[in-house]
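Here are a few notes to read alongside the model. Keep it open and follow the points in order.

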Amino acid sequence: MKSSDSLISTVKEAPNDAQIISHQLMIRAGLISKLASGIYSYLPLGLKVVQKVEKIIREEMNKSKALELLMPVAQPAEIWQESKRWEEYGPELLRFKDRHDRDFCLGPTHEEVITNIAKQYLRSYKQLPINFYQIQTKFRDEIRPRFGVMRSREFIMKDAYSFHIDEKSLGETYQIMHQTYCNIFDRIGFNYRAVLADSGAIGGESSHEFHVLADSGEDAICFSDESDYAANIERAETLPQGKPKPAKQTLELVKTPGVKTINDVCNLLKIKPTNSIKTLIVEGDDDNLVALVLRGDHELNEVKASKIQGLKQPLQMAEEEKVQQRLGCSFGSIGVVNLDIPIIADYAAAFLSDFVCGANENDKHFVGVNWNRDTSKVTSSDLRNIVTGDPSPDGKGKLEIKRGIEVGHIFQLGTKYSDSMNANVIGEDGRAVNMNMGCYGIGVTRIVAASIEQNHDDKGIIFPEAIAPFHLVIVPINYNKSSRVKALADELYNDCLEQGIEVLLDDRKERAGVMFADSELLGIPHRLVISDTHADNGKIEYKSRKESDKVEVDFKVAVNFILEKLA
């Protein structure tokens with residue numbers, strides 16, 4: 001393609017609301033154009049990148065024997081009510097009424113639609129296993145869309161759904177899809193990790209997320225330094241630490257006027273946060289209160305806590321007024337001594353001895369607290385976020401934490417949707433069996449942003465060859481003034497097209513510096529420069545987008561030179 005036949009719409013400055021590098025560079029490179037909050041148009045070069053991602057996904061999904069279909073964006077409320085998610089899903093589900101006053105939504109996902117299809121067309125266990133997928137637009141009404149297409153309201157997604165006669169078959173397809181995802185992300189050129197994850201609103205028991213490693217990632221992911229263990233921080237488990245050491249100190253009440261935070265308590269009493277606890281009060285499921293206790297330097301993992309029986313769902317922190325009425329003190333003064341409500345202590349907190357906590361009396365704390373001697377009604381559980389240096393849950397090594405961008409998520413749903421929507425087939429014994437389901441998603445447009453987050457420099461994007469809008473850009477200096485340069489550039493351009501090289505000929509009437517800057521901003525992997533000087537000596541200048549050095553090659557072998565680079 002020639003620049004004169006395309007739309008090169010680069011800009012020097014990114015908008016003020018572009019906070020992360022992928023958002024800034026996608027705007028500056030003219031890949032996307034903002035229409036409304038969290039809603040973007042994909043301009044021609046941006047669409048080329050998206051289509052390349054789709055092509056890789058489609059090829060690998062087809063290799064896995066998944067069947068492509070296309071489902072509607074608009075979905076009737078009835079199927080969501082049938083699955084019981086119409087109210088459960090929350091405000092991200094954009095609901096609307098049609099002209100006949102019937103309730104609809106814009107699909108954020110398609111479990112209900114595909115289960116409805118399965119009910120109609122799958123009759124016998126002999127048709128199973130079967131896996132359907134689509135590449136299609138989704139809409140989630142994010143309360144705060146941000147980071148460009150990284151967290152937008154409208155986005156393109158590949159979602160797949162498999163159906164099985166039993167859990168064994170589901171597990172087999174799950175492993176196939178796990179490998180398929182690895183194949184996709186390997187081809188794209190990502191540095192990524194597959195990690196154990198929480199299933200969230202989709203449901204199901206087993207799931208893995210695929211994260212592109214990047215400093216700008218929203219998610220914290222954990223890795224063992226000695227094994228293959230990896231998990232989202234929401235899912236990474238901590239281990240019981242045994243019984244606490246015997247008490248050495250006597251219980252003592254001390255005055256702590258105006259002190260409420262852990263740091264303030266530690267500074268006043270000259271102790272470390274690791275020798276203190278913080279007590280969080282949450283709502284129980286019978287309007288009672290429950291205390292969640294963490295070591296002073298640890299943070300509550302709300303996903304873990306929300307799965308504990310006896311707590312209100314979703315997890316809800318108690319109001320301070322209610323705490324004041326029930327316990328007689330305010331936040332910051334709550335402790336475990338003589339606390340007459342159920343206490344759930346995190347494993348690390350339960351291992352402490354001779355620690356400091358609130359005294360359930362404003363402006364006072366206890367020191368020298370010990371569990372068995374000074375408390376009752378205590379159980380222990382995994383409540384906190386993993387921290388660097390924690391033992392790996394598989395018993396091998398210690399954990400490290402890095403940032404990741406989630407680009408894929410696979411789930412073993414089990415019979416969550418087939419039970420509620422009565423999707424069954426006739427089994428081998430002649431009885432109806434509700435099908436087991438798997439669900440497998442990839443954020444297509446998010447992949448583009450994640451790739452930029454992982455591959456950029458101060459000049460712009462550095463696209464991997466697999467998804468770059470072009471493999472090669474030809475920059476002819478004075479193309480519109482020098483007949484020799486024009487002839488050589490046109491010859492080279494046509495030869496590249498004949499060899500299947502995706503090439504952009506920058507035939508604009510721009511200064512060389514502008515064309516160089518645009519080619520680097522756009523992230524095109526390879527660049528060839530032709531000038532009158534090169535026309536004189538039969539050479540051509542080559543530069544890789546990843547490297548700073550330039551080399552000269554003979555014009556006659558330039559095409560083969562590029563083909564070798566692309567091999």
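The points below cover a helix pair, a further helix and a loop residue.

1. Ground rules. This is a predicted model, where local features need pLDDT of at least 70 and side-chain atom pairs count only at pLDDT 80 or more, while totals for chains, interfaces and linings use all residues. Residues are numbered from 1 along each chain as its sequence is written, and side-chain values use heavy atoms, with hydrogens and water left out.

2. The α2/α5 pair. Helices here are DSSP runs of H or I, at least four residues, and strands are runs of E, at least two, numbered from the N terminus. The axes of α2 (residues 44–63) and α5 (residues 167–188) come within 10 Å and cross at roughly 145°; axes are lines fitted to C-alpha atoms over the stretch in contact, with angles from 0 to 180 degrees between N-to-C directions.

3. Who touches whom there. In contact (heavy atoms within 4.5 Å) are V53, I56, I57, E59, E60 and M61 of α2 with M177, T180, N183, I184, R187 and I188 of α5.

4. Helix α14. In α14 (residues 512–522), M515, D518, S519, E520, L521 and L522 are buried, meaning under 20% relative accessible area with a 1.4 Å probe, protein chains only. Those buried residues pack against α1 (21–28), α2 and several strands, including β28 (526–530). Just after α14, G523 has a positive phi of about 75°.

5. Loop residue S276. Sitting between α6 (262–269) and β14 (277–283), S276 counts as buried because its relative accessibility is 1%. A polar atom of its side chain lies 2.9 Å from the backbone oxygen of P273.

Technical notes:
Buried means under 20% relative accessible area, exposed over 50%, partly exposed in between (1.4 Å probe, protein chains only). A polar contact is a pair of N or O atoms within 3.5 Å; within protein, one must be able to donate a hydrogen and the other to accept it, and residues adjacent in sequence count only if both atoms are side-chain atoms.
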